[in-house]
Amino acid sequence: MDDFTWGMVQIVGVHTILGLSAYVILLTGQVSMAQAGFVAIGAYVAGMLTVLAEWHIIPAMVTGGLAASVLACIVGFPALRIRGLMLVVATIAFGEFVRLFWFNFDYRIAKGDIVVGPEGGEGFKQIRFFPENGWTTQDVAVFVWVVAAIILATLWWMDRSRAGKVLRAVGEDEMAAQSVGINLTVVKVAAFTAGGFIAGIAGAIYAHYTTHIEHLNFDILMATFAIAYPILGGLANVWGTLFAAFFIQVIVIEVLRDLGDVRNLMFGALIILVMNFLPHGLFSAKVVRKLKEWMGIGKMSDA
Amino acid sequence: MLEVARLSKHFGGVRAVDELDFRVEAGEIFGLIGPNGSGKSTTVNMIAGIFAPTAGEIIFDGVDITEAPPHITLHAGIARTFQNIRLFNNMTVWENLWVAQNSAKQKRTGNPMARWMGGSRRAAAAVEEFLEFSNLAHKRDELAGNLAFGEQRRLEVARSLAAEPKFLLLDEPAAGMNLEEVKELDERLRVLRDRGVTILLVEHVMELVMEVTDRIAVLNFGRKIAEGTPSEVQQNQAVMDAYLGAGEGGSDA
């Protein structure tokens, strides 16, 4: 495979992680448009750690994730009081707040004969951990997918455990969930915190493979992508999100590249169609059951 | 066991529940009846912690739960069902019970690690028991949303039992059931009482209320107009007036 293909592999991997960050929150019935903001925090924090403090990518990535999760936890509390459209509006506002923070954030130091660090509206250039350490595009793609696989496996396991059932119960019916003893505050804030952490990880990787980030990378379009994957793929399990990230990034964005801006139109139309005709996504719980029966795979309560 | 004192709930100018007093003794089935809009569901929702009362207090087992949110009242030992069934529709029957069962176990042991130390197996065994009790074992892998109406009612009761409550709030469990299903429900409620679960039954289906309850309180326009055994209540003039529509304001019962 050539570098372009490996580049695609990286993009699909990062977008899968991005989609999973929204998936966790969406399980509890909350639509978060703040994911791009969490990605930005992970991207800038991890970038500064590898560039300015010369950390290794892995601790930098985890720290970026933790920084984003702290912010997400803080966002989770006011989000408890609002739901539906108002939550969408509030989380968009938060995302924009974070974007504009980085737009105004300037912290550079001299390193050798060049000056490095985030430079406000000019962006954050020279995030060169991968090239400096001799990682090829292929190495990076493998790294992205190892991280994506760990997150996929963790969430898949969580889905089958009690924690997953609790998140789903809250997403299905908050009042019923409370009445079986679930503390809504804990569950919703935990979902936001986990979603923030995963988004931060996606941001850390994104910053390093593009080597140059700026505030405009983390706009509403990225937030829309994040929430679109689990909406399109359905919430039955993590594979729907993986499939949707692949479908959007490879089929809609890359294969149909010749169509230009029409692709954005198609992306929007696709979301509208799915939300109207398949409100539980392409792979809803019902569809997944049918698929499993059809393929003769075990029953769901075997967990 | 449950004591409700001067309990009131006002929605704007409407007094949905007004200075309501009653006591439910441990081990009895207590009926709460009244025409539509008389404040029965509002009362249930206040006890369960969904609504905060405007005034008054709710004491359960000597503990003031007036302001307690739903998950706290559940952990205190009060489980409930809803008038319009609220299941986790995209989860299986088994998962519906599993979620409720686990919350109870975790709370009782006070140890969040309990389920990794053998608690999980015990919880699964308990879920089986509730499946059997509700005659839903053959539907365990069905999505709750795909069940027939009567099965959904049974599942909701089973889910409330899965939390292993001392006290059960049933909000019109017989609504929409045929006579045979009502008989089954009657039997189940008696079994539960014999197992030591105290029950507050809100119900319109008189065949059930008059058969199964030990005592009944009758509400009309948010106030209690009568209380006593089923036969006492049936002969009460105020109750007959309320149900025959003699009361002003057009109740539609």
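A: Two residues are taken to be in contact if their C-beta atoms, placed from the backbone, lie within 7 Å. The model is a predicted one. By that criterion, the contact between the chains takes 20 residues from chain A and 30 residues from chain B. On the side of chain A that touches chain B, at least two residues each come from α7 (162–172), α8 (174–179) and α13 of chain A. Of the elements there, α7(A) gives the most, with six residues. By class, that side of chain A has eight nonpolar, five polar and seven charged residues.

Chain A has a mean pLDDT of 91, with 98% of its residues at 70 or more. Helix α13 (residues 285–295) of chain A has the lowest confidence in the chain, at a mean of 82, whereas helix α2 (residues 35–51) of chain A has the highest, at 96.

The sheets belong to chain B, which has nine helices and 10 strands. Of its 253 residues, 46% count as buried. Taking the contacts in chain B between residues at least 6 apart in sequence, 64% join residues at least 24 apart. Six residues of domain 1 of chain B and six residues of domain 2 of chain B take part in the contact between them. The domain 1 side of that contact comprises three nonpolar, two polar and one charged residues.

One sheet of chain B is open and has four strands in the order β2-β1-β4-β5, with antiparallel pairing. Its edges are β2 (14–24) and β5 (63–64) of chain B, each of which pairs on one side only. Helix α1 (residues 40–48) of chain B packs on this sheet and touches β1, β2 and β4 (55–60) of chain B; its direction makes about 65 degrees with that of β2(B).

Within this sheet, strand β1 (residues 2–11) of chain B is joined to the antiparallel β2(B) by seven bridges. Leu7(B) has Leu20(B) in β2(B) as its bridge partner, and Lys9(B) stands opposite Val17(B) in β2(B). β1(B) and β2(B) make a hairpin with two residues between them, and Gly12(B) in the turn has a positive phi of about 60 degrees. β1(B) also pairs with β4(B), in the antiparallel sense over five bridges. In that pairing Ser8(B) has Ala55(B) in β4(B) as its bridge partner.

Another open sheet of chain B has six strands in the order β6-β7-β8-β3-β9-β10, and its pairing is mixed. β6 (78–80) and β10 (223–228) of chain B stand at the edges with a single partner strand each, so one side of each has no neighbour in the sheet. From one strand to the next, the twist averages 20 degrees. Strand β3 (residues 29–33) of chain B pairs with strand β8 (residues 198–202) of chain B in the parallel sense, over four bridges. Phe30(B) stands opposite Leu200(B) in β8(B).

α1(B) packs on this six-strand sheet as well. There, α1(B) touches β3, β6, β7 (167–171), β8 and β9 (215–220) of chain B, and its direction makes about 150 degrees with that of β7(B). Helix α9 (residues 237–244) of chain B packs on the sheet too, touching β9 and β10 of chain B, and the direction of α9(B) makes about 125 degrees with that of β10(B).

Conventions
Residues are numbered from 1 along each chain as its sequence is written. Chains are lettered from A and ligands numbered from 1 in the order in which they are written. This is a predicted model: local features need pLDDT of at least 70, side-chain atom pairs count only at pLDDT 80 or more; totals for chains, interfaces and linings use all residues. Two strands pair if DSSP finds at least two bridges between them. Axes are lines fitted to C-alpha atoms, for helices over the stretch in contact, and angles run from 0 to 180 degrees between N-to-C directions. pLDDT is the predictor's confidence in each residue, from 0 to 100. Ala, Val, Leu, Ile, Met, Phe, Trp, Tyr, Cys and Pro count as nonpolar, Asp, Glu, Lys and Arg as charged, and the others, Gly among them, as polar. A residue is buried if 20 or more other C-beta atoms lie within 10 Å of its own, exposed if 12 or fewer, and partly exposed in between; C-beta atoms are placed from the backbone.
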